[in-house]
Structures are given as structure tokens and as C-alpha cells.
Amino acid sequence: MEYSLQQRSELIVAECMKSSEANPYEIFHTIAQKDFVRIHGPEHHILDGACILTAFHNAGGNIDLHAALQKLMHEGLKMPGAACGLWGVCGAVTSIGAALAIIDDTGPLSTEDWGSHMEYTSAALARLAETGGPRCCKRDAFLSMEQAVGYIKKRYGITLDMRPIKCDFSSYNSQCIKNRCPYNTEGNGYLAFQ
């Protein structure tokens, strides 16, 4: 079945609403295996932040999960695919940055918390830049989520469950960077979450 981006996004939100998991990677891994999530695609602009919001909520974060996911979907659908290569900013990072803005209820006119999420996005983008390309929506999601877990612990005092990540999507990605990837299981590139 061919899904529109809107349908893919709605299915992602529905799956998140069913989850009781407090590990964003486990939520991601479960949903990313569904037929409505492609190996690469702008649905990650919703999926990645949705996994963080869901894990945050399930770990005791005080948010209305349904409303937060709806807002994230609205924001994520605005960003086109290939932003990493064309705009110099990764959709995984912006999706999670949007999730953090939703948690804090910030906007362009906020004063106190206006730049707080830029602390996260700048650190996450630096990690992506160090790893290099070509793009991989799964690798970028993993790097972005790992960075978010530390940020959430520091900023909100909420501990998200996060175990070492091992990528099992490599065989579906013809541009996989193999052992240059910190999550590669075929070579020596595997990096455990610190």
C-alpha cells in the first residue's frame, strides 16, 4: 500500500499513543519496522520527536501526550525531505528540537526558554556533522535521540531508558556508511550509549 505523508504521520502518532515504553529507541525501532515508515523519508520529521515525547510522557513527564503529538505532527509536516543536504539542518534534530519546544511551550516570542533548545540542536548537529554523510535517517535519529536523553535528564530531571543501540536497518540502506557508523554491527563501528 502506498501512503501519503499525512497518513504516515497519523499512523506514527497512533502507534505512539499505544506505547507504554520509556525508551525512545525502542519506540522508534518498533514503529520504524512498520510498512508506513520508509528507510529514508520526511516521516522521520514526525517519528523522531514523537518517540522522545512518548518516552518523556511514559517516564513521568507532565505533558498531554495526544495534544503534544498532534502539535509535533503539524510542525513536522512543514519541513521538506532532504533538508539535511539542502538546508544544512537534519530533520531528526529539528523534530526533537520541536518536541522539546512543545514540552516547554515555547515559541518565537518566548524570553526565558527561547534559546534552551538550541543548546540541544547545536550539540546534536555537531555530532551528525562529525559522522558525515551520505544521509541516513535511521543513524541521524539514533544520534539525535542519544543527545536528547542527556539533555532531558539535565534540563527536566527525567531519566529516559536508553540502552546501547545496534542498527539492524543497514541492509535496507544502499548508502550505509558501514563501519564509519557508530551503530554498525557488521564492522568495528559499534558505539555503546554512554
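This is a guided tour of one protein chain, stop by stop, for use with the structure open in a viewer.

**The whole chain**

Start with everything selected. The model is predicted, and its pLDDT averages 89 over the chain, with 95% of the residues scoring at least 70. Colour by secondary structure: the chain has eight helices and zero strands. Read along the sequence, the pattern is therefore α-α-α-α-α-α-α-α.

Next, consider the overall dimensions. Along the principal axes, the C-alpha atoms fill a box of roughly 45 × 40 × 35 Å. Of the 194 residues, 50% count as buried. The chain exposes about 9,200 Å², and carbon and sulfur atoms supply 52% of that area. Among contacts between residues at least 6 apart in sequence, 68% join residues at least 24 apart.

**The nonpolar core**

Select Ile12, Leu53, Phe142 and Met145. Within the largest nonpolar core, which has 53 residues, these four touch the most other members. Several helices each supply at least two residues of this core, including H1 (5–18), H3 (44–58) and H8 (137–156). In soluble globular proteins, nonpolar side chains tend to be buried together.

Now keep Leu53 and show its surroundings. Which residues does Leu53 touch, not counting those up to four places away in sequence? They are Ile63, Leu65, Ala68, Leu69, Leu72, Ala99, Ile102 and Ile103.

**Glutamine 70 in helix H4**

Move to glutamine 70, which is found in helix H4. Its relative accessibility is 32%, so it counts as partly exposed.

**Alanine 82**

Go on to alanine 82, in the loop between H4 and helix H5 (83–86). Its phi is near 65°, a positive value in a residue other than glycine. Alanine 82 is partly exposed, with a relative accessible area of 44%.

Select aspartate 105, which lies in the loop between H6 and H7. Aspartate 105 also has a positive phi, about 55°, although it is not a glycine. Is aspartate 105 buried or exposed? At 64% relative accessibility, it counts as exposed.

Then select threonine 106, in the loop between H6 and H7. At 17% relative accessibility, threonine 106 counts as buried. Leaving out residues up to four places away in sequence, threonine 106 touches Ala101, Asp113 and His117.

**A cis peptide bond**

Zoom in on glycine 133 and proline 134. The peptide bond from glycine 133 to proline 134 is cis, with omega near 5°. Proline 134 lies in the loop between H7 and H8.

**The cysteines**

How many disulfides does the structure hold? It holds zero. For cysteine 167, the nearest cysteine sulfur is that of cysteine 181, 6.0 Å away. Cysteine 167 is buried, with a relative accessible area of 12%. The sulfur of cysteine 176 is 5.9 Å from its closest cysteine sulfur, in cysteine 181, which is too far for a bond, because a disulfide needs the two sulfur atoms within 2.5 Å.

**The last stop**

Finish with residues 187–194. Here pLDDT stays under 50, and the model has 23 contacts beyond four places in sequence for this stretch.

Notes. Residues are numbered from 1 along each chain as its sequence is written. This is a predicted model: local features need pLDDT of at least 70, side-chain atom pairs count only at pLDDT 80 or more; totals for chains, interfaces and linings use all residues. Side-chain values use heavy atoms; hydrogens and water are left out. A nonpolar core is a set of buried Ala, Val, Leu, Ile, Met, Phe, Trp, Tyr and Cys residues joined through side-chain atoms within 4.5 Å. Buried means under 20% relative accessible area, exposed over 50%, partly exposed in between (1.4 Å probe, protein chains only). Helices (H or I, at least four residues) and strands (E, at least two) are DSSP runs, numbered from the N terminus. Contact means heavy atoms within 4.5 Å. pLDDT is the predictor's confidence in each residue, from 0 to 100. Accessible areas come from the Shrake-Rupley method with a 1.4 Å probe; for residues, only the protein chains shown count as cover.
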